[in-house]
Amino acid sequence: MSIILSAIVATDQNLLIGSNNTLPWHLPADLKHFKEITTGHCIIMGRKTFESLPNGALPNRRNIVLSQNNSLNFPNAEIYQSIEQVFDALKSENEVFIIGGAQIYNLFMPFIQRIYLTKVHHQFLGDTYFPDFQEQTWNLMSEIKKKADEKNKWDYSFQVFEKRR
Ligand SMILES: NC(=O)c1ccc[n+]([C@@H]2O[C@H](COP(=O)([O-])OP(=O)(O)OC[C@H]3O[C@@H](n4cnc5c(N)ncnc54)[C@H](OP(=O)(O)O)[C@@H]3O)[C@@H](O)[C@H]2O)c1
């Protein structure tokens, strides 16, 4: 079975994804969406994103972390020092998810076939951005538009893009 390499990300309207090693917003509906899509799959992240998780490795998912530091040891996570080592470790997976942050999205971007993008329809302040993936070179496969409510303060959309062949 061949692997589908997907990215999953939430951005603001300017592709902002992070601020001070955390998310710029609190959007419970997106956390639920992320959990639904990634549970049961392998997730791949940078060391900084792993360290931003409040309770360490995410449950019911194979957690892979990239770091150049070969003496790291995170409970319930596999740590690799290069993209080549990660690809070697993925041989028996089906769909795997690149979950960030910016350095890791950039590193894997040439290989990503699908993007699950939550667009938060607002402009936030921050310091870390998703790569400019040029939406016009991808097909928008689905889009679900959601209105702000008492728990989710901003309008947002769940989009899925697939790379044009
Ligand atoms: N909105 C979203 O959907 C979303 C998703 C994820 C993250 N974020 C946000 O993004 C920010 C973090 O992103 P970031 O770009 O600063 O950090 P990151 O990508 O999470 O992690 C960077 C680290 O990954 C390791 N790394 C990078 N390239 C590597 C390579 N080629 N080989 C081996 N290891 C490599 C290095 O670890 P070492 O320094 O240990 O060598 C590097 O410091 C946070 O604000 C976070 O909240 C947002």
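Around the ligand

Analyst: The elements β1 (4-11), β2 (16-18), β3 (42-46), α2 (47-52), β6 (95-100) and α4 (102-108) each contribute at least two residues to the shell around the ligand. Helices (H or I, at least four residues) and strands (E, at least two) are DSSP runs numbered from the N terminus. Please keep in mind that this is a predicted model, in which local features need pLDDT of at least 70 and side-chain atom pairs count only at pLDDT 80 or more, while totals for chains, interfaces and linings use all residues. Residues are numbered from 1 along each chain, as its sequence is written.

User: Ok, and which residues come nearest to the ligand?

Analyst: The shell has 28 residues, and Gly18, Gly46, Thr49, Gly100 and Gly101 are the ones that come nearest; a residue counts as near if its C-beta atom, placed from the backbone, lies within 6 Å of the molecule or strand in question.

User: What joins Gly100 and Gly101?

Analyst: The two are joined by a cis peptide bond, with omega at about -5 degrees, and Gly101 is found in the loop between β6 and α4. As background, most peptide bonds are trans, and most residues other than glycine have a negative phi.

User: Which residues other than glycine have a positive phi, then?

Analyst: Asn21 is one of them, with phi near 55 degrees, and Asn60 is another, with phi near 60 degrees. Asn21 is found in the loop between β2 and α1 (28-38), while Asn60 is found in the loop between α2 and β4.

User: Is Asn21 buried or exposed?

Analyst: Asn21 counts as exposed because it has 12 C-beta neighbours inside 10 Å, and Asn60 is exposed too, with 9 other C-beta atoms within 10 Å. The rule counts other C-beta atoms, placed from the backbone, within 10 Å of a residue's own: 20 or more is buried, 12 or fewer is exposed, and in between is partly exposed.

User: Switching topic: how many helices and strands does the protein chain have?

Analyst: The protein chain has four helices and 10 strands, and from the N terminus on its elements run β-β-α-β-α-β-β-α-β-α-β-β-β-β. Its C-alpha trace spans about 45 × 35 × 25 Å along the principal axes, and 27% of its 165 residues count as buried.

User: And which strands pair with β7?

Analyst: Strands pair if DSSP finds at least two bridges between them. β1 and β7 pair in the parallel sense over six bridges, with Lys119 in β7 as the bridge partner of Thr11. Seven bridges join β7 to strand β10 (residues 156-163), and these two run antiparallel; here Thr118 stands opposite Phe158 in β10.

User: How covered is β7 compared with β9?

Analyst: Strand β7 (residues 114-120) is mostly covered, since five of its seven residues are buried. In strand β9 (residues 138-146), by contrast, the number buried is zero out of nine residues, so that strand lies largely in the open.

User: What about the inside, which residues have the most contacts in the largest nonpolar core?

Analyst: The largest nonpolar core has 32 residues, and those with the most contacts inside it are Val9, Ile44, Ile98 and Tyr105. At least two of the core's residues come from each of β1, β2, β3, β4 (62-66), β6, α4, β7 and β10. Such a core is a set of buried Ala, Val, Leu, Ile, Met, Phe, Trp, Tyr and Cys residues joined through C-beta atoms within 7 Å. In soluble globular proteins generally, nonpolar side chains tend to be buried together.

User: What does Val9 touch?

Analyst: Leaving out residues up to four places away in sequence, Val9 touches Ile17, Gly100, Tyr105, Ile115, Leu117 and Phe130; two residues are in contact if their C-beta atoms, placed from the backbone, lie within 7 Å. Across the protein chain, 66% of the contacts between residues at least 6 apart in sequence join residues at least 24 apart.
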